[in-house]
Amino acid sequence: MRMKRTLGVLAVLGTLALAGCSSSNGAAAKTDASGVTKVRMALNNTPDSIPIIVAQKQGYFKEQHLDVTTTTLSDITVVPSLLGKQYDVGFTVAPILIRAVSQGVAAKMIAGNDGDSAEDEGVQMYVGKGITSIKDLEGKRIGSPTLTGNINLATKAWLAKNGVDVSKVQFVQVPTPNMTDQLKADQIDGAELQDPFINTAKADGLTSLGDPERALTDDYLGGTYWAASNAWISSSPKAVSEFRAALKEADDWIAKNPDQAYQEIADYTKVTVDVAKRSPIASFTTDVSAADLKIWGDTMKQYGGFTADIDYDTIVAKG
């Protein structure tokens with residue numbers, strides 16, 4: 001089974017964004033007399049949010065007694081600090097939530113979303129002129145969507161495991177849509193790319209050295225997730241179960257209706273269907289694993305300067 005790419009245009013939540021957010025207080029779930037729970041959701045502005053869009057349009061949330069309203073954010077690094085305040089459920093990645101929890105944010109993963117696998121190298125390192133091996137990247141400039149996100153973290157692990165002195169690599173933050181142009185102009189020597197920009201790099205004749213996330217595991221690795229505040233989860237475990245059930249229905253619908261799913265992606269991301277189809281639709285999952293979170297946490301400790309000790313079971317909602 002092909003698993004969807006790990007979202008890369010993300011940053012680990014910074015100290016400033018977390019200031020004043022260490023309290024365990026948060027908004028409880030609001031359920032009316034008929035049993036309908038209102039859910040305020042923060043999405044990401046990429047195809048990774050499509051299960052939520054599908055669950056809304058196909059009526060799966062309504063079937064599960066959920067009244068969902070969504071807000072699309074381009075910067076999801078702030079999501080953990082806003083859970084229980086502006087939002088009840090939000091889009092996140094493991095490094096962001098792990099660091100947020102370590103700094104006092106009371107939140108948990110309530111469902112998986114998508115990930116990466118050896119069958120679907122949806123994150124790749126594309127390189128410019130004169131680079132033919134991973135070792136050639138030592139002393140060079142690599143463009144990254146963020147300097148503290150999950151792709152950059154995986155890239156550092158990948159470089160180190162292939163004999164590169166990471167301290168001799170210069171990482172520069174580059175907007176993902178600009179990376180292939182900067183590669184062709186010799187402004188950077190490598191680029192951390194994900195779909196649909198991988199297809200742009202292929203069309204431009206650029207070379208890939210492979211998927212950096214394979215340095216973390218050869219198997220499925222959860223990439224993106226849905227998280228909620230501890231207060232919201234404890235006040236309505238039923239709403240958490242209903243959310244997962246609706247999401248599972250949406251995941252199944254996407255797998256069975258690829259053409260319609262591509263149309264939903266095109267509409268949501270404001271591209272043509274032809275552009276949307278340049279990237280594969282892979283499977284989504286509601287699964288969330290403490291073991292996967294630990295892989296990210298251990299990598300953060302080794303390559304990201306992370307020092308906190310986390311019990312990863314405690315940041316996965318049970319049930």
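A residue is termed buried under 20% relative accessible area, exposed over 50% and partly exposed in between (1.4 Å probe, protein chains only). The structure is a predicted model, in which local features need pLDDT of at least 70, side-chain atom pairs count only at pLDDT 80 or more, and totals for chains, interfaces and linings use all residues. Residues are numbered from 1 along each chain as its sequence is written, and side-chain values use heavy atoms, with hydrogens and water left out.

Most residues other than glycine have a negative phi.

Asp186 counts as partly exposed because its relative accessibility is 48%. Lys270, at 73% relative accessibility, therefore counts as exposed.

**Helix H13**

Helix H13 comprises 14 residues (290-303). The expected span of a helix is 1.5 Å times one less than its number of residues; for H13 this gives 20 Å, and the end C-alpha atoms are 20 Å apart, so the two values agree. At the start of H13, the backbone nitrogen of Ala291 has a side-chain oxygen of Ser289 within 3.0 Å. The buried residues of the helix include Ala290, Asp292, Leu293, Trp296 and Tyr303. Gly297, Thr299 and Met300 of H13 are also buried. After the helix comes Gly305, with a positive phi near 75°.

Technical notes
Helix = DSSP H or I, 4+ residues; strand = E, 2+ residues; numbered from the N terminus. Polar contact = N/O pair within 3.5 Å; in protein donor to acceptor, adjacent residues only side chain to side chain.
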